[in-house]
Protein chains: 2
Amino acid sequence: MIVVNIIGSGHVGYHLCKALVKSDLVSINQWLIRNATTKIDFSFPGDIVRSIQDLKPADITIIAVHDDAISEVSKDIPFSNSLVVHTSGSVNIHDLDRKHHRGVFYPLQSFSKSSDIHFAAVPICVEALEKTDVNLLKALAAALGSTPYKMNTEQRQTLHLSAVYVNNFVNQLYRIAHEISDAKHINFNILKPLILETAKKVQDISPYMAQTGPAIRNDKKTITRHLKLIDNDTHKAIYQLLTQSIKDTHGRR
Amino acid sequence: MIVVNIIGSGHVGYHLCKALVKSDLVSINQWLIRNATTKIDFSFPGDIVRSIQDLKPADITIIAVHDDAISEVSKDIPFSNSLVVHTSGSVNIHDLDRKHHRGVFYPLQSFSKSSDIHFAAVPICVEALEKTDVNLLKALAAALGSTPYKMNTEQRQTLHLSAVYVNNFVNQLYRIAHEISDAKHINFNILKPLILETAKKVQDISPYMAQTGPAIRNDKKTITRHLKLIDNDTHKAIYQLLTQSIKDTHGRR
C-alpha cells in the first residue's frame with residue numbers, strides 16, 4: 001500500500017485524487033484544500049486539511065499547485081526526508097526544497113475539471129534523484145493504470161513544449177477554422193470528422209508520412225486562391241508560415 | 001437506381017468507386033482509368049474504359065481528376081445535357097463545360113489510397129445549378145451513408161481553406177512536435193493520447209472553450225522558457241505567432 005498526501009485541488013490535484021481513491025494499492029491520507037468552497041463530487045475517505053502545517057509524512061506527498069507556488073509550498077511542508085513530488089511539465093526537480101527526497105510525477109494530458117480523465121490513456125513522466133523513488137513513482141502510475149516514462153527535467157520540459165504544439169496550437173488552428181467557416185455560415189460540424197481523422201492517422205503513421213494538401217504538392221494556384229480568401233492578417237501569416245514549414249520539411253521550393 | 005460513371009482512379013475516384021459498388025442504390029456503368037497499371041483491390045462489376053471517347057451518358061458522371069484538368073476533361077466528355085460533377089474543394093462549378101448539367105460532389109476528408117474510407121463519417125458538400133440535380137447528388141451521398149451539405153462555391157472554397165488549417169497545418173504541428181521530441185530522445189508515442197484527446201475535445205465543446213496552456217494564461221515565464229528551448233527559427237516563429245493568436249482570441253495582453 002502506497003500512502004499518499006495530495007496538496008491542491010486544481011484540475012490535476014482533483015483528478016489525481018479522484019482516480020487514486022479507486023485504487024486498492026493506494027491510500028490517500030490527507031488532502032490539502034485551502035479553498036473551503038471547493039466542491040467534491042466523489043467520496044473521499046481520507047482527511048481534508050486546510051493548513052499545510054497539519055500535513056503528516058506519507059510515502060509520497062504530491063504538490064499539485066501552480067508552477068510559481070511549487071517551490072514555496074515544498075519549503076512549507078512541516079516534515080522532511082520523505083518523497084515529495086510536483087506534477088508540473090516545466091518546473092525543475094531542483095526547485096523542490098532540498099530537505100525532501102525530490103521527484104516529479106507529470107501526467108501528460110489536457111485537464112479540465114468538468115470531464116473525467118481516464119488515466120489508463122494518460123502517459124505519466126516520472127523523475128527522481130533516487131532509483132527507489134523512481135520505482136515508487138512508477139508503482140503509483142501503475143496503480144492508475146497509466147504507462148510511466150522515466151525522463152529528466154530537460155526531456156520533460158521539451159515534452160511540455162511539444163505538448164503546446166499538439167494541444168494548444170492545434171486547438172488554435174481549430175479555432176481559426178471555426179472563425180473562417182462561421183464567417184461564411186458554414187456549420188463547424190462539417191469539419192469535425194476531418195479533425196478526428198487527422199489525429200487518428202498519426203496514431204499509426206508518422207506525421208511526415210501523413211502529410212497531404214496544397215503545400216506538400218507545391219500547388220501555387222490553390223495557395224494563392226486561399227491567401228486571397230483570408231482577410232485576417234494573423235490568419236494569413238499563420239497560413240504562410242505553416243505552408244513554408246511544410247515545404248521546408250518535404251524539400252519543396 | 002442511380003447510374004454513375006467515374007473518371008479517374010486517384011485517391012478520390014478510387015475510394016468513391018470502391019464504396020459505390022457496395023450500394024444497391026447505385027450502378028457504376030463505366031470507370032475511366034487512363035493508367036493501365038492501376039491496381040484494383042476490389043471486384044468492379046462495370047466496364048473499365050481507357051479513353052474518354054468511350055464514355056456513354058449516365059445519370060451522374062463524376063470527374064475525379066486533378067483540379068487543373070477538370071475543365072478540360074469536362075469539355076472532352078463526348079455527350080451533353082446530363083449531370084457532370086467534379087469532386088474538388090476549390091474549383092468553381094462554372095469551370096465545368098456549359099454543355100452539361102453542372103454540379104459538385106466534394107467529400108471532405110483526407111484521402112490516402114492505403115487506408116479504407118468510411119464514408120458514413122465523411123461529410124459531402126453538394127452543389128448544382130438545378131434543384132433536381134441537388135437532390136440527385138444528395139441521394140448519391142445518402143447511398144454512401146454520408147451526410148450531404150448543400151453549399152455554394154464560395155462556401156466550399158472557404159471550407160477547403162478551413163480544412164487546410166485543421167488537417168495539413170495541424171499535421172505539420174504534429175510533425176514539429178515529433179522533431180522537437182526526437183531531438184531529445186523522447187518517444188513520440190507519449191504525445192499520441194494528447195493528440196487524440198485534443199481532437200476529441202472539440203467534438204463536444206467549441207475550440208474557444210477548449211483552449212488551455214501558457215498563452216491563454218499569459219504565463220510569460222513558461223513562454224520565455226519555451227522560446228529558449230527552441231533552436232529552429234521557423235519553429236520559433238510559429239510558436240510566437242500562434243501564442244499571439246491565442247492571446248488575441250482571448251483578449252490577453
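Is Cys125(B) buried or exposed? At 0% relative accessibility, Cys125(B) counts as buried, where buried means under 20% relative accessible area, exposed over 50% and partly exposed in between (1.4 Å probe, protein chains only). Cys17(B), also at 0%, is buried too.

A word on the ground rules. This is a predicted model, in which local features need pLDDT of at least 70 and side-chain atom pairs count only at pLDDT 80 or more, while totals for chains, interfaces and linings use all residues. Residues are numbered from 1 along each chain as its sequence is written, chains are lettered from A and ligands numbered from 1 in the order in which they are written, and side-chain values use heavy atoms, with hydrogens and water left out.

Val91(B) sits in the loop between strands S5 (83-86) and S6 (101-107) of chain B; helices (H or I, at least four residues) and strands (E, at least two) are DSSP runs, numbered from the N terminus. With a relative accessible area of 5%, Val91(B) is buried. Leaving aside residues up to four places away in sequence, Val91(B) touches Asp67(B), Ile70(B), His86(B), Arg156(B) and Gln157(B), contact being heavy atoms within 4.5 Å. His11(B) is 80 residues from Val91(B) in sequence and 17 Å away in space, C-alpha to C-alpha.

Both His11(B) and Asp67(B) turn up again in the second largest pocket, where they are among the residues nearest its centre, along with Arg217(A), Val12(B) and His66(B). A pocket is an open set of points on a 1 Å grid over the protein atoms alone, with protein on both sides within 12 Å along at least five of seven lines; a cavity is a set where a 1.4 Å probe fits but cannot get out, and lining residues have an atom within 4 Å of a point. The second largest pocket holds about 1,100 Å³ of space and is lined by 42 residues. H4(B) gives the most to that lining, with 5 residues, and helix H7 (214-217) of chain A supplies at least two.

The structure also holds 1 cavity of 30 Å³ or more. Its lining draws on both chains, including Asn167(A), Asn168(A) and Asn171(A) as well as Thr198(B) and Lys201(B). H4(A) gives the most here, with 3 residues.

Conventions: Grid points are joined across faces, edges and corners, and a volume is the space filled by probe spheres set on the points.
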